[in-house]
Amino acid sequence: MAISLFDMLKIGIGPSSSHTVGPMQAARRFVRGLKKAGGLTNVARVDIQLYGSLGATGKGHGTGPAVLLGLEGHSPDTVDPTILSPRMEEIRSQGELRLLREHPIAFNEATDLTYHRKETLPFHPNGMMFTAFEEKGEVVYQRTYYSVGGGFVVDETAAGADRIVEDKSPLPYPFKSGADLIRQCKEHGLSISELMMANEKVWRNEVEIRQGILDIWQVMQECVQNGITNEGTLPGGLKVKRRAAKLYASLMEVDRMDLITPSLSAMDWVNLYALAVNEENAAGGRMVTAPTNGAAGIIPAVLHYYWNWCPNASESGVIRFLLTAAAIGILFKENASISGAEVGCQGEVGSACAMAAAGLAAVTGGTPEQVENAAEIGMEHHLGLTCDPIGGLVQVPCIERNAVGAVKAINAAVMALRGDGEHFVSLDKVIRTMRDTGRDMLDKYKETSRGGLAVNVIEC
């Protein structure tokens, strides 16, 4: 299998990579397949069944609107987030869905879109089934998909191998483990980012790769700017107030030089960056799955820390940071999971923390061994973290959890850089432990909102 940086870091929309980005991709894939099979114009009705975590928390995660816009042909990397709500209102009021925006069919949300809160399809908790019918009720086309985290989608033909990415391009430096990655860096005299760059050239030339990474960085910056500009209350019913704009105004009132004290000055800004991104995510804004939307604030926050606080920060450093982070993310994707519905939030926030820690260690002078150590520290101290969003919304505790994860990532990088790269627990062992812990974790703690804070906090 071959996974690119651009698979791990996707431009999309909030509030969830597995519940919004993935289902939109799946719906779009379904309707495009339907057209390719020649059945589009024969369709009179489409039935959508959402299972497992998608059924349990899909309403709070925006799965329904994402699926419907996907059926209309929209893609998460290009759709304008501001059209989702008004288009949903049109669909509901007019009772009509336009497949690929060219073939209208009748649509009744109450009967054509079903959330199965307690029923799960085989192989992965995020399952969905699409069925297209002709006028007399005969099935025209049917497909089952699984949204396996981070916006990755597989169909039923890949069931049981949900970590597999279909691309099998041969890479110059393939790696399946952290030990393998470090070994190849030593053998070929490469940094992790240089090794990743060589692998990325299988798909794109270096100019395209660098520009693509900088485009991702631009979206991250815009997301922070939007987060510190927008005020008000987040949607969904919990009435969570946005804090980033107020915190930004407060920090701007203080001279940055006055913050160089024994206090956690820079950490105030790191908190701001993470809160801004995840408030934008909760509001359905444009962002980068890094590696998921639920954990989307950590890498941008640490990258902003590098950009604004580290001497000699540069765009080349940003590129090295994200190449390194992606390499670590690939290890989690291939050997465990980045899906909160599969392994809990340790797979989302934990993986993002490890990726950010590795990226920061790399651009501040870390050796491959120190980078691997930073990633291990970042993940080790998120083991067992549950995914228990209150009200099925990616808000509490998700938003603050990203801020805490970003600070942990910086500390993990600092600790690793103070050492020589040798450490007791390897990254491979901590990834394996995370996978095993997720397997043992009760389903109520894995993005179903049936355990933890989701049931112990009284909603008003």
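**Note on contacts, charges and backbone in the predicted model**

1. Leaving aside neighbours within four places in sequence, Asn 335 is in contact with Lys 176, Ile 431 and Arg 435, where contact means heavy atoms within 4.5 Å. Asn 335 belongs to helix α13; helices (H or I, at least four residues) and strands (E, at least two) are DSSP runs, numbered from the N terminus. Between Asn 335 and Arg 435 there are 100 residues in sequence but 7.8 Å in space, C-alpha to C-alpha. With a relative accessibility of 28%, Asn 335 counts as partly exposed; buried means under 20% relative accessible area, exposed over 50%, and partly exposed in between (1.4 Å probe, protein chains only).

2. The structure is a predicted model, in which local features need pLDDT of at least 70 and side-chain atom pairs count only at pLDDT 80 or more, while totals for chains, interfaces and linings use all residues. Residues are numbered from 1 along each chain as its sequence is written, and side-chain values use heavy atoms, with hydrogens and water left out.

3. How many salt bridges does the count come to? The count is 19 salt bridges, each being a side-chain nitrogen of Lys or Arg within 4 Å of a carboxyl oxygen of Asp or Glu. One of them joins Arg 45 to Asp 112, with the closest N and O atoms 2.9 Å apart. Because Arg 45 is in strand β2 (residues 45-50) and Asp 112 in helix α6 (residues 109-112), this pair ties together parts that are 67 residues apart in sequence. Arg 45 is partly exposed at 31% relative accessibility, whereas Asp 112 is buried at 4%.

4. Arg 243 forms a salt bridge with Glu 400, and the closest N and O atoms are 3.0 Å apart. Arg 243 lies in the loop between α9 and α10 and Glu 400 in helix α17, so the bridge ties together parts that are 157 residues apart in sequence. Both residues are partly exposed, Arg 243 with a relative accessible area of 38% and Glu 400 with 45%.

5. Arg 435, already named as a contact of Asn 335, meets Asp 436 in a salt bridge between side chains (3.3 Å, N to O). Asp 436 is partly exposed, with a relative accessible area of 27%, and Arg 435 is partly exposed, also with 27%. Elsewhere, salt bridges that share partners join Arg 45, Asp 47 and Asp 112 into one network.

6. Ser 339 is found in the loop between α13 (315-335) and α14 (340-343). Is Ser 339 buried or exposed? Ser 339 is buried, its relative accessible area being 1%. Not counting residues up to four places away in sequence, Ser 339 touches His 124, Asn 126, Val 148, Gly 149, Gly 344 and Glu 348.

7. Most residues other than glycine have a negative phi, and most peptide bonds are trans. A cis peptide bond joins Ala 290 and Pro 291, with omega about 0 degrees; Pro 291 is in the loop between β9 (286-289) and α12 (298-309). The bond from Val 396 to Pro 397 is also cis, with omega near 5 degrees, and Pro 397 is in the loop between α16 (368-380) and α17 (398-417).

8. Lys 239 has a positive phi, near 60 degrees, and is exposed, with a relative accessible area of 65%. Glu 447 likewise has a positive phi, near 60 degrees, but is buried, with a relative accessible area of 3%.
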